[in-house]
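Hi,

Here is the structure I promised to send over. Have a look at it first, then read my notes below.

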Amino acid sequence: MPESPAPAQSPGTSRSTSATIPPNILRCLTPVTEGYGVDLRPELVRVGLDEAMMRSAALRVSYRQGSAVIRRAVELTGDAHLGLRAGAAQHLTSWGLLGFAQMAADTLREAIETGVRFQNLSGAMVVWSAGPEETGYALRAELPDPALDPTVAVFLAEEAFASVVTLTRLSSGEEFAPQSVEFAFPAPRDTGPFTELFSCPTRFGAVGNRLVFPTAWAARPMPGRDRVTYSAVVELLEDQAASRRDQQELLEVLEISIAQSLPDVPSFVEQARRHASSERTLRRRLAQCGTTYEAVVDGVRRERVELLLRRRELTLRDIARQAGFSDVRALRRAVHRWHGVNPARLRGDAAEQ
């Protein structure tokens with residue numbers, strides 16, 4: 001019987017390692033930063049995304065890649081509310097087939113619930129949930145990792161609600177305004193952009209990120225509702241979601257297997273054997289995920305190194321050995337490739353956070 005890695009989560013693995021997210025936010029962000037005279041292309045290349053790749057409908061990025069580009073975009077533009085601008089710049093086609101299904105839904109509530117159901121196909125970098133409450137119909141956006149860089153966390157929360165409000169107005173009526181909006185991050189110095197965009201009470205320092213729709217709006221019929229079209233598109237989305245789940249499960253199993261084996265790394269031949277698969281089939285499945293076995297190994301090692309660097313008692317030799325590098329020089333080369341700095345600098349930056 002083939003071996004299978006244990007399904008439990010192992011230290012050093014996270015969803016940020018795998019490239020599974022459609023890069024919709026990055027595609028929308030690029031023209032927004034151009035308005036500030038900032039060219040994001042060098043930053044995209046820095047994380048391994050060239051122009052040809054960004055034009056590919058099959059492209060998937062990781063949380064790590066997305067976060068790195070977002071962080072630099074905020075730094076380069078100097079706009080602390082860049083998430084609001086990116087969300088407000090989106091169009092009805094920004095979410096692809098999912099956006100089309102939402103436009104064909106019967107009511108705004110059904111459109112929202114469809115978005116939540118298929119959020120993994122939309123390029124979302126937050127975790128959506130929704131449901132009725134006493135005060136209205138609430139849409140919640142949670143961060144994928146509580147330890148996310150604060151700059152990126154603010155951007156993602158802003159972009160999430162700005163895009164929802166913008167697309168609701170485009171599809172259902174310009175007069176739409178939420179009942180209330182709450183953000184988990186502290187109040188910024190200037191709250192004017194929030195008032196201007198949302199046109200409703202906005203609270204900061206809340207328990208979570210939450211947008212409340214007026215009950216009447218949640219029940220409002222969508223102007224483009226069409227049951228036949230909606231059902232047909234949802235069927236396509238279900239097929240895509242099933243394929244995505246298979247891909248994500250494969251990547252997670254490989255990541256866990258590699259993390260549990262460090263400092264040794266299972267060979268590709270061994271991984272194929274564990275999955276009762278031929279090397280050719282496993283390589284093809286990884287290509288469908290937009291990655292390679294070498295890239296998955298690199299991501300897990302990177303995650304492990306970043307965790308180990310936070311442990312001040314470990315020397316660089318210890319870290320190199322535990323992460324599976326041949327020596328400290330190989331570790332230094334890898335860290336410089338990932339971050340553009342040496343391990344000592346990266347360790348110092350981590351200590352300051």
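Predicted model: local features only at pLDDT ≥ 70, side-chain atom pairs only at ≥ 80, totals over all residues.

Which residues make the contact? On the α14 side they are Asp-298, Arg-301, Arg-302, Val-305 and Glu-306, and on the α16 side Leu-331, Val-335, Arg-337, Trp-338 and His-339. Sorted by class, that contact has five charged residues, four nonpolar ones and one polar one.

**A closer look at α16**

The buried residues of α16 are Val-328, Ala-330, Leu-331, Ala-334, Val-335 and Trp-338. Looking down the helix axis, you'd find them within an arc of 155°, so they line one face of α16. As a general point, an α-helix has 3.6 residues a turn, so residues three or four places apart point the same way. On the face of α16 turned away from the buried side you'll find the exposed residues Arg-329, Arg-333 and Arg-337.

**An enclosed helix, α7**

Next up is α7 (residues 108-117). Seven of its ten residues are buried, so α7 is largely enclosed by the rest of the structure. The buried ones are Leu-108, Glu-110, Ala-111, Ile-112, Thr-114, Gly-115 and Val-116.

Is Glu-110 buried or exposed? Its relative accessibility is 18%, so Glu-110 counts as buried, because the cut-off for buried is under 20%. Leaving out residues up to four places away in sequence, Glu-110 touches Ala-105, Arg-227 and Tyr-230. Phe-155 is 45 residues from Glu-110 in sequence, and their C-alpha atoms are 27 Å apart in space.

**Two leucines to click on**

Leu-170 sits in helix α8 (residues 150-172). It is partly exposed, with a relative accessible area of 41%. Now try Met-103: it is 67 residues from Leu-170 along the chain, yet their C-alpha atoms are separated by 10.0 Å.

Leu-143 is in the loop between β2 (136-142) and α8. With a relative accessible area of 28%, Leu-143 is partly exposed too. What does Leu-143 touch, not counting residues up to four places away in sequence? The answer is Val-126, Leu-148, Ala-153 and Leu-156. As for Thr-93, it is 50 residues from Leu-143 along the chain, and the C-alpha atoms of the pair are separated by 24 Å.

**Backbone details in two loops**

Where is Pro-263? You'll find Pro-263 in the loop between α11 (227-261) and α12 (268-274). The peptide bond leading from Leu-262 into Pro-263 is cis, and its omega is near 10°.

The other loop runs between α9 (192-198) and β4 (202-203), and Ser-199 lies in it. Ser-199 has a phi near 55°, which is a positive value in a residue other than glycine. Its relative accessible area is 47%, so Ser-199 is partly exposed.

Cheers!

Technical notes
Residues numbered from 1 in each chain as written. Heavy atoms only, no water. Contact = heavy atoms within 4.5 Å. Helix = DSSP H or I, 4+ residues; strand = E, 2+ residues; numbered from the N terminus. Nonpolar A, V, L, I, M, F, W, Y, C, P; charged D, E, K, R; others polar. Buried < 20%, exposed > 50% of the residue type's maximum accessible area, 1.4 Å probe, protein only. Arc of directions from axis to C-beta.
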